[in-house]
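Reader: I've got a model to go through before I set anything up. Could you walk me through a few local details?

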Amino acid sequence: MANIPVENYPLSHTQAIVWNDMDAMQHINNTVYFRYFEDVRVVMLEKLEVFELAKRLHVGPVVASTRCDYRAPLVYPDTITTVTWVEDIQEKRYAMKYEIYSHNQDRCVAEGEALIVYCDFKTGKSCPIPAETLEGLKAFVAKQ
């Protein structure tokens, strides 16, 4: 594995990139990076058992906004490791930060973030994060 400082982050996810995700410019399309962010976010949500809780309570996280800063293009074949951590946990929302590392390039190729807001799926309005999820999120705060 590349020299990726995964020990500095509360969660990482490693995966191979897919040839089909390249675009006409012969690099991974910019929109695919958001899927990489989603992949590691889903790993965290599974660890927090959010999907089971959402079925029971009809509340869950939605991405309110997201962004990505591209540092270098990814090209197939390669393996990436995406790291993530949580910041600014509040009653109804929190921020997720991401970095994507290329194993071939041995460097960070993208940085991003998302604002996650909890939603009551019955009303379509924001709502407080369930207590057990709120407590679990603390494990994903970056160690300073």
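Reader: Which exposed residues does the face of α2 turned away from its buried side carry?

Author: Keep in mind that this is a predicted model. Helix α2 covers residues 50-57. On the face turned away from the buried side, the exposed residues are Glu-52, Lys-55 and Arg-56.

Reader: And within what arc do the buried residues of α2 fall, seen down its axis?

Author: The buried ones in α2 are Val-50, Leu-53 and Ala-54. They line one face of the helix, because seen down the axis they fall within an arc of 105°. In general, an α-helix has 3.6 residues a turn, so residues three or four places apart point the same way. For α2, then, the arc is 105°.

Reader: What covers those buried residues of α2?

Author: Both helices and strands take part in the cover. The helices include α1 (32-47) and α3 (131-137). The strands include β2 (59-70) and β5 (107-120).

Reader: Which residue just after α2 takes a positive phi?

Author: Helix α2 ends at residue 57. Just after α2, a phi of about 65° turns up, and the residue taking it is His-58.

Reader: Over in β1, is Gln-15 buried or exposed?

Author: Gln-15 sits in strand β1, residues 11-16.

Reader: Which side chain does Gln-15 join in a polar contact of 3.4 Å?

Author: The contact runs from side chain to side chain. The partner of Gln-15 is His-13.

Technical notes: Residues are numbered from 1 along each chain as its sequence is written. This is a predicted model: local features need pLDDT of at least 70, side-chain atom pairs count only at pLDDT 80 or more; totals for chains, interfaces and linings use all residues. Side-chain values use heavy atoms; hydrogens and water are left out. Buried means under 20% relative accessible area, exposed over 50%, partly exposed in between (1.4 Å probe, protein chains only). Helices (H or I, at least four residues) and strands (E, at least two) are DSSP runs, numbered from the N terminus. The arc is that of the directions from the helix axis to the C-beta atoms. Contact means heavy atoms within 4.5 Å. A polar contact is a pair of N or O atoms within 3.5 Å; within protein, one must be able to donate a hydrogen and the other to accept it, and residues adjacent in sequence count only if both atoms are side-chain atoms.
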